[in-house]
Amino acid sequence: MTKRTREGESLPKRRELSGFFIDGKRCGGGMSVAFGRIISIKEYSKERIELLSHGGRVILTGRRLSLSVYEGGTVEVLGRIEEISFTYGKN
Amino acid sequence: MVRIDFLVFGYRRITLAKGEISRAASILLQKGITLLIFDEETLLIKGRDVEICERLLSTIPSLKISEPLGLYGAFSRFQYKRGLISGLLCSLILVILAALPVWDVRVRGNDKIPESAVEQMLLECGFGVGSLWFNTDLSEVEAKLLSMSDGISWVNVNRRGSVAYVEIIEMQPEDTEEPKAHIEYSNIVAEYDCVIEAITVKRGRCEVKVGDTVRRGEVLISGVLPPEAGGGLCRAEGTVVGRINSTLSEDVDRYGLQTVEKRRKLTDITLNFLKFNINIFKTYGNDTEKCDIIKEIDGFSLIGKCKLPFEIEKKYSVERTEKPREYTDAELVSVASGRLEARLAVMLSDCDLLSRKTYGHFTERGYRMSSDVVYLTEVGTETEIEIIP
């Protein structure tokens with residue numbers, strides 16, 4: 001998307017990757033991480049979870065992962081999380 | 001991950017084919033339905049969302065929805081067992097009602113004031129077995145009891161379960177003995193007939209020496225100072241140890257009275273579990289002043305000495321009576337020996353025993369046992385010097 005200036009120049013609109021928030025803490029099953037504004041769950045297995053948000057993807061790998069969905073698109077992942085990676089864009 | 005709201009308000013388990021779970025979760029996520037995923041084939045949803053989930057996931061052929069689970073599910077499964085539910089509710093109400101009144105009052109710390117008297121005073125204060133806890137101000141009961149009784153100096157009423165524990169401290173009798181007058185001048189005189197074994201003089205003049213035989217009342221350390229020490233009177237101080245020869249005798253009659261148990265009455269049964277005491281049975285209003293209280297504790301064990309953590313405690317009040325009896329010769333010697341040993345143990349508690357010779361013989365009335373003892377003890381006692389003006 002572009003935004004027109006008064007002089008007629010076109011500047012790229014600033015894209016924000018902070019479309020979701022992350023809240024993590026230690027708990028009994030290992031670690032609990034909550035993501036906001038999730039729109040879809042692309043993949044679920046005990047070892048890998050892939051979540052889709054408006055800004056990009058979140059991929060979690062680990063062991064014994066479980067998933068809980070709350071109202072407002074908040075998703076909480078609990079288990080022995082080993083790696084969290086973010087990718088820009090929906091694809 | 002435990003969801004309390006799922007457990008309390010009920011939940012359903014949705015089973016899907018492997019690989020369908022992320023698709024189903026995405027559909028439900030987009031509709032704002034909360035869910036929980038534990039494994040790759042199952043997801044949990046709230047009980048109230050079951051209809052909308054069924055509609056949303058109707059395109060998935062492998063969809064299976066379980067019966068209601070959780071607490072709500074348990075209740076809904078038992079909806080036709082009304083007898084069981086009503087029984088549980090009645091039990092709960094009974095337990096709550098049973099905790100309202102005072103079931104037992106136990107008095108502790110009383111020595112002279114009998115338990116029944118304290119309970120009677122508590123009843124006059126408006127507190128006793130059957131009183132309602134929520135209707136009773138314990139501090140007011142304590143204040144009333146204190147003002148009512150002259151023999152109680154402190155009282156505390158505690159609630160433990162449905163039992164009231166009343167702890168009291170009785171008033172101590174005032175010391176009526178007059179304080180001893182201060183002695184200004186004194187002698188130390190012999191308390192027994194003895195042979196002097198050791199003398200230590202701190203103040204005064206020594207009147208005897210080691211090896212002297214003295215009679216009772218004879219001055220050992222004088223409070224009259226010699227002229228070379230300045231003369232005058234003083235308070236004699238010192239220690240005099242003497243050797244005493246004494247004979248102790250004990251007579252036992254062949255015919256006498258013997259105290260025997262007349263009647264044993266069960267007054268209290270308590271079940272002790274760990275540190276908790278549950279009173280099962282108790283009799284009130286019994287006069288137990290001239291009775292012995294006997295406590296029996298029965299423990300339970302499974303293997304060897306490993307005891308289980310509960311025991312049954314029984315209390316009996318035992319009335320005693322006296323009846324005539326005749327001792328045999330062996331019993332006479334045994335009884336006399338026991339009594340003589342007890343007297344000697346008391347007499348020689350602060351003495352050093354040097355020698356002892358015991359002998360006995362049968363008499364017309366029974367048996368006499370005697371002991372000749374020689375022992376060392378402190379023989380000096382202080383007597384005031386009276387000054388006649």
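Tutor: Let's start with the words we need: a strand here is a DSSP run of E with at least two residues, numbered from the N terminus, and two strands pair if DSSP finds at least two bridges between them. Please keep in mind that this is a predicted model.

Now find the hairpin made by strand 14 and strand 15 of chain B, which has two residues between the strands. Within this hairpin, B:Leu274 takes a positive phi near 50 degrees. Strand 14 covers residues 255–273 of chain B, and strand 15 covers residues 276–282; the two are antiparallel and joined by six bridges. To see one position in this pairing, look at B:Leu271, which faces B:Ile278 in strand 15 of chain B.

Strand 14 of chain B has another pairing as well. With strand 17 of chain B, residues 306–326, strand 14 forms 17 bridges, again in the antiparallel sense. Here B:Tyr255 stands opposite B:Glu326 of strand 17.

Next, move to another group of strands in chain B. Four strands make an open sheet with the order 10-12-8-20, and their pairing is antiparallel. Strand 10 and strand 20 (380–384) of chain B are at the edges with a single partner strand each, so one side of each has no neighbour in the sheet.

Strand 10 of chain B, residues 205–206, is antiparallel to strand 12, with two bridges between them. In that pairing, B:Arg205 is opposite B:Ser222 of strand 12. Then strand 12 of chain B (residues 219–222) meets strand 8 (residues 186–190), also through two bridges and in the antiparallel sense. This time B:Ile221 of strand 12 is the residue opposite B:Ile188. Finally, strand 8 of chain B is joined to strand 20 by five bridges, and these strands run antiparallel too. B:Ala190 has B:Gly380 of strand 20 as its bridge partner.

Chain B contains eight helices and 20 strands. Of the contacts in chain B with a separation of 6 or more, 65% are between residues 24 or more positions apart. Buried residues account for 16% of the 389 residues of chain B.

Strands also pair between the two chains. Strand 7 of chain A, residues 56–69, runs antiparallel to strand 2 of chain B, and three bridges join them. A:Val69 has B:Leu35 as its bridge partner in strand 2 of chain B. The contact between the chains takes 18 residues from chain A and 17 residues from chain B. On the chain B side, helix 2 (21–30) and strand 2 (35–37) are the elements giving two or more residues, and helix 2 gives the most, with seven residues. By class, that side of chain B has nine nonpolar, five polar and three charged residues.

One last stop is A:Lys46, in the loop between strand 5 (38–44) and strand 6 (48–53) of chain A. Leaving aside residues up to four places away in sequence, A:Lys46 touches A:Arg64 and A:Leu65, along with B:Asp39 and B:Glu40. A:Lys46 is partly exposed, because 14 other C-beta atoms lie within 10 Å.

Definitions and conventions. Residues are numbered from 1 along each chain as its sequence is written. Chains are lettered from A and ligands numbered from 1 in the order in which they are written. This is a predicted model: local features need pLDDT of at least 70, side-chain atom pairs count only at pLDDT 80 or more; totals for chains, interfaces and linings use all residues. Two residues are in contact if their C-beta atoms, placed from the backbone, lie within 7 Å. Ala, Val, Leu, Ile, Met, Phe, Trp, Tyr, Cys and Pro count as nonpolar, Asp, Glu, Lys and Arg as charged, and the others, Gly among them, as polar. A residue is buried if 20 or more other C-beta atoms lie within 10 Å of its own, exposed if 12 or fewer, and partly exposed in between; C-beta atoms are placed from the backbone.
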